[in-house]
Amino acid sequence: MTYPLWSPDTSRRIVARIVVEGDLILQTPAQFSNGDTDELTDMPLLVDPFDEKTPLLTGASIAGALRNYLREREHGYRQSAGRSSASVLLFGSLKGDDEGEQSPLIVEDALGKPGTFGVETRDGVGIDPKSRTARQDRLFDLQLWESGTTFPLRFELLIREGDDADALKRALATALTGFNDGSITLGARKRRGYGRVIVAGWRVKTYDLTRTVDLLDWLEHGDEPLINVTSVPDIKTALEIADLVEDRRQFFSITATFLLDGSLLIRSGSGQDDRGPDMVHLHARQADGTRKPVLSGTSLAGAIRARALKIAKTLGARGQAQGLIDGMFGKEMQPGVQPEASRIIVTETVVQNARTDLVQHRVSIDRFTGGARETALFSEQPAFGSTRTTLTVDIRLINPEDHEIGMLLLLLKDLWTGDLPLGGESSIGRGRLRGERATLILQRDGTSRRWEIRTNEQGLNITGERHELERFVAALNRHFKEAEK
């Protein structure tokens, strides 16, 4: 018995197709790994197998990031979605739901635009929290696509007969909004500053397949880029949506601007061959094509984790302290230990107006003779600060508890007063900051609270309920006292 290749009874009865395009631009380096290792690097990049050089961002990665963001926005961080959720409506049924439906959204692979991409290599190292020196066997390197790498995105939303088109467009607009508000980051180590993106503009075209002219247009040109469609910055406007899905995420964020007091040295892995300094501060290409000195998210996260553990051990027993830090920063990768993702999210930031063309020569001194050690002369090229040199630190804690907020406030105090240095060679005065201003935001239970902190001649000027900040710090002390009982 033969069956027809198509019949109206099995058709999905698609009445419209909405094509959405946009150019995704990396704002910080991103690591899209192919999952293998090679002789040159521990984490090589995923490329187009056709030419083995063009960056490849798979549709599965894009769809996964969008679905996760939409679910978190609708239900909160680390909350599950039900069958009626917008994320299920747009991306299909949950895993294990045999009666669910497939996704009406088609997400295509994205290949990097020629002329926009380059490869950057960075070294990573594990830090011993006691000695603040590199751990043995914890040195690794990874390849990254540079900032400014552009990926053309393309989505196609299928509207079937009987579908709620407005609900589907609302879900899609909400998901795509995550690209521009900093909520969606892509690739590996995205909670340590890598993979931040924006989409410069959106192009949308709707094919009404119930109209013959649109049907023929889609059949003839449906797979072509939307080059004749005007780009719109706001996806809500492009899709003609009034409101997005309500944001139910809970977080505490710190955005603080500091002056660089002295110099900062985050090693870039190597100097300039045999002709330049032995150590050069880390520079990274920006989205506009310039190369600027940066404070990497990995360096910032490592420093605040080590200091947080030190504070916690001062206030509580070792086991209690380690449990608190693991709960905030995630458990370290160890054999037999189930890893957990960090709830602390940090970003990579540019060191603005720093002087990076000065080379400092140093020598190691023999403590017995008081003279210079042989072969111990070296040179460094750090980022030197002035009264105009600033850097802005962004730290976010998802699903915060009061005592965890108190810990972040103590970390902010240590950064503000220069007691917590960043980068290397802190023993000779590098990496110290002076606080200028900070914005604190707590979003919880549908409400948002905000505090502003500024330095003035009299000390600190705090806008907002100051006693609430003191209550968070008191909650940290109370947390350890109650755990000891």
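Visitor: Which residue of E7 stands opposite Glu21?

Guide: Arg154 stands opposite Glu21. This is a predicted model, in which local features need pLDDT of at least 70 and side-chain atom pairs count only at pLDDT 80 or more, while totals for chains, interfaces and linings use all residues. Residues are numbered from 1 along each chain as its sequence is written, and side-chain values use heavy atoms, with hydrogens and water left out.

Visitor: In what order do the strands of the open sheet of 4 follow one another?

Guide: The order is E3-E7-E1-E8, with antiparallel pairing. Strand E3 (105–107) and strand E8 (197–208) are the edge strands, because each pairs on one side only. From one strand to the next the twist averages 20°, where angles run from 0 to 180 degrees between the N-to-C directions of axes, which are lines fitted to C-alpha atoms, for helices over the stretch in contact.

Visitor: Why is H1 called roughly perpendicular to H3?

Guide: Helix H1 (residues 59–75) and helix H3 (residues 165–177) pack at about 105°, their axes being 9 Å apart. Angles of 65 to 115 degrees count as roughly perpendicular, whereas those under 35 are roughly parallel, those over 145 roughly antiparallel and the rest oblique; H1 is therefore roughly perpendicular to H3. Their contact (heavy atoms within 4.5 Å) is made by Leu66, Tyr69, Leu70 and Arg73 of H1 with Ala171, Thr174, Ala175, Leu176 and Thr177 of H3.

Visitor: How do the residues of the contact of H1 with H3 divide?

Guide: They comprise 6 nonpolar, 2 polar and 1 charged, where Ala, Val, Leu, Ile, Met, Phe, Trp, Tyr, Cys and Pro count as nonpolar, Asp, Glu, Lys and Arg as charged, and the others, Gly among them, as polar.

Visitor: Why does Val359 count as partly exposed?

Guide: Buried means under 20% relative accessible area and exposed over 50%, with partly exposed in between (1.4 Å probe, protein chains only). Val359 has 39% relative accessibility, so it counts as partly exposed. Val359 is found in the loop between E15 and strand E16 (360–365), and, its neighbours within four places in sequence aside, it is in contact with Pro277, Ser379, Glu380 and Gln381.

Notes
Pairing = 2+ DSSP bridges. Helix = DSSP H or I, 4+ residues; strand = E, 2+ residues; numbered from the N terminus.
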